[in-house]
Amino acid sequence: MNKRLLPIVTALLALALAAGAALAETPSKTVDQLRADAEQLLLQQSEMYWRSYTEGEASDQASLYRRYAHLFTLPTIEQVKQSVAAATDPERKRYLGYFLHYLEIEYIGNEVAELWDIYFDLEGQLQVLIDGKLTPYRNLDGIMANEPDPAKRAAYAEEEYRVYKLLNAVVLQRIHDNSHRLAKDLGYKDYLELAIAYRMFDHADLVAKAKQFLEMSEALYLDAFDKVSPIPRDKFRRSDILNLLSNKAYDKYLTKENLLPSIQRIFAAMGLDDEAGRKIFVHDQENEKKVPRAACFAIRVPQDVRLTIKPIGGAQDYAALYHEFGHAQHFAHGATPIWEYQQLGANAVTEAYAYTFESLPEREAWLKANTKMDAAQRDDFRRRTYFHKLYMARRYMAKLIYETEFHQGAPDAQKRYQYWLSKAYGFQLNDDEASRYLSDLDPFLYAADYVQAFFIEAMMDAALTKRFGKTWWTNAKAGAFFKELWQPANKMTGREMVAKLGYAGYDNQMLYDYLRAGLQ
C-alpha cells in the first residue's frame, strides 16, 4: 500500500458528509486555490491516517471532508474541466487533468460513502463460527492460511461464502449501481470510461495482451502448480490458496533480525542511503495497536516519506517491506515541484518500482548472501515464490478482463467472474467461491495498474541486468539510474516508463521469459 491510495481508501472507509453538503454552493475560488485546498486536505488526511495506522488513534476523516466539501461538487468539477480545456501550456493541461480525475473519483466516493460505511461496519461486526467458537470475520483469511488441514479450511470457507452473499445482497450491488450512475453524471459514457481516463492506459491493448498471456502461460503455470501443490488441482479449492502461497517452511531462514539490515545494506551498495534516502522515516516499534502490514506514506514528496513495519520475519514480511521501500525510495527522490505529480496520478509506475525491489529476496545471489538455505532449498523456495508471482500476474489479468465485462454490463457477472478466475487459477471455482464477484472488484480498475506493473517489472529487470549485471542491486550505478527515473515522482504513465526503458510496448514474451527463468 502507498499513501497516494488514500483519496480512495479514506473516502470509502470514513467519509460521512453532512446532509446536503454535496449540493452546497461552491465558494468563488480560482482553480489554483482549489488545488491548494486539495493539497492541504491530503496532507491532513495522511497525517491522521498515519497515526491511526501506527498508533491505533481514532480517525475522524469525516470532519476533514466536511471542511473541504466544496472540492467535491459538480460545479467545482465543471470549473476545473473548463480550465483543463482552456489551458494552452501542455504541462499545465496535464497536471490539471490529474487534478480533475482526482476530483471525479472523490466525487463518486463521497456520494456512495454511506453505503461503504454500511459495508465496512457490517464487515467489522460480523462473526463466523470456527470450531464451535464465534470469531471476527476479518480474522478468517489468517486462520485459513495457517490451517494445515484442507478439510477444515473448506469448512471455514463455508462461513466466508455466507458473508459474501449477505454483503452482495445488502450493499455491494447498490454501491456498484450508484457508482455507474454517478460516472454518467460526470459526463462519461459509463464507469469504465472514467476508470480508463483516470488510469491513463490503452485499455483495448492491455485487455488483449492479458487474454494472450493467460493462454501462452497456461502450460508453464499448470506445471509449476503441480510441482508446488500437495493437493491435486481437481481437488484444490480456493480455501487452500493462502496456505499454499505462505511458504512458511522457509520462514526460519528469513529472520526478523536481518529484515531491516538486509535492505539497508542494499541501499548502501546502490548509493541510495544518500540525503534523500536517509529522509525516509522507518517506524518499526512493536506497539500492539499498530497495523502489522508494512505500508508507505508519502506525506510530502520528497521531504516527508514514512514507512511502517512491525517486524515478525518470514517470506511475506520480507516481500512486504522490500515492496514498500520501493515506493518510499521512489517518492523520497522525487524532484518535481508540481503537487499533482507528487501526490496524484495512476499507480502503474510506482507499483513497478515496488515489485522490482520486492523481487530481490527471491533471487539466488540474495538468498546465498542472506540465508543459510542450501542449494536445493534455494531452488525450491525460488520456484515457490515465482509460482506466487505468476499466480498473481494471471489473477490480475483475469480480474482486468472480468472487471471490464462487469462495467460493460455483462448479464451474468458471477458466471463471468467464475470463468475468468477459474482460468487464471488453474482449478475450477464453484458457485459459492464465485460469490466474491462483487467484493473482488478494485476501485476504478486498479487491476490495470498491477497488470502494467508486472510487465514493467520484467522490462526493468532486463534493462538493469543489461546495464549493470545480474546482481545490479550491488552496483552504485544502478542506484544512479533509479535516481534519474524517480525525479518526476508520479508523473509518468506506464506507457511512458516503457518508452523510457527503450521498449515499444508491453511485451508478453518478455514477461513470460522473466517468470519462466525464475521458475527454472
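**Results: a cis peptide bond, aromatic pairs, pockets and confidence**

P302 sits in the loop that links strand 4 (295–300) to strand 5 (304–308); helices (H or I, at least four residues) and strands (E, at least two) are DSSP runs, numbered from the N terminus. The peptide bond leading from V301 to P302 is cis, with omega near 5°. This is a predicted model, in which local features need pLDDT of at least 70 and side-chain atom pairs count only at pLDDT 80 or more, while totals for chains, interfaces and linings use all residues. Residues are numbered from 1 along each chain as its sequence is written, and side-chain values use heavy atoms, with hydrogens and water left out.

The average pLDDT (the predictor's confidence in each residue, from 0 to 100) is 91 for the protein, and 95% of the residues score at least 70. Over residues 3–24, however, the pLDDT is below 50, although this stretch has 69 contacts in the model beyond near neighbours in sequence; a contact means heavy atoms within 4.5 Å. Where pLDDT is low, the predicted coordinates should not be read in detail.

F444 and L445 both lie in the loop between helix 20 and helix 21. F444 has a positive phi of about 55° although it is not a glycine, and L445, also not a glycine, has a positive phi of about 60°. F444 counts as buried because its relative accessible area is 6%, and L445 is buried at 0%. Here buried means under 20% relative accessible area, exposed over 50% and partly exposed in between (1.4 Å probe, protein chains only).

Rings of Phe, Tyr and Trp (its six-membered ring) pair if their centres lie within 6.5 Å; planes under 30 degrees apart count as stacked, over 60 as edge-to-face and the rest as tilted. W472 and W473 make an edge-to-face pair, 5.8 Å centre to centre with 85° between the planes. The ring centres of F481 and F482 are 6.3 Å apart and their planes meet at 65°, so this pair is edge-to-face; both residues are buried.

R306 lies over the face of W50, 5.4 Å from the ring centre, and R394 lies over the face of Y221 at 4.7 Å. A charge sits over a ring if NZ of Lys or CZ of Arg is within 6 Å of the ring centre and within 35 degrees of the ring normal. Y221 is among the buried residues of helix 11 (residues 218–228), and the buried residues of this helix pack against helix 12 (241–245), helix 19 (375–407), helix 20 (413–425) and helix 24 (508–519).

Finally, the second largest pocket has a volume of about 410 Å³. On a 1 Å grid over the protein atoms alone, a pocket is an open set of points with protein on both sides within 12 Å along at least five of seven lines, and lining residues have an atom within 4 Å of a point. Grid points are joined across faces, edges and corners, and a volume is the space filled by probe spheres set on the points. The pocket is lined by 16 residues, of which R363, R382, D461, T465 and K470 lie nearest its centre.

Key:
On a 1 Å grid over the protein atoms alone, a cavity is a set of points where a 1.4 Å probe fits but cannot get out, and a pocket is an open set with protein on both sides within 12 Å along at least five of seven lines; lining residues have an atom within 4 Å of a point.
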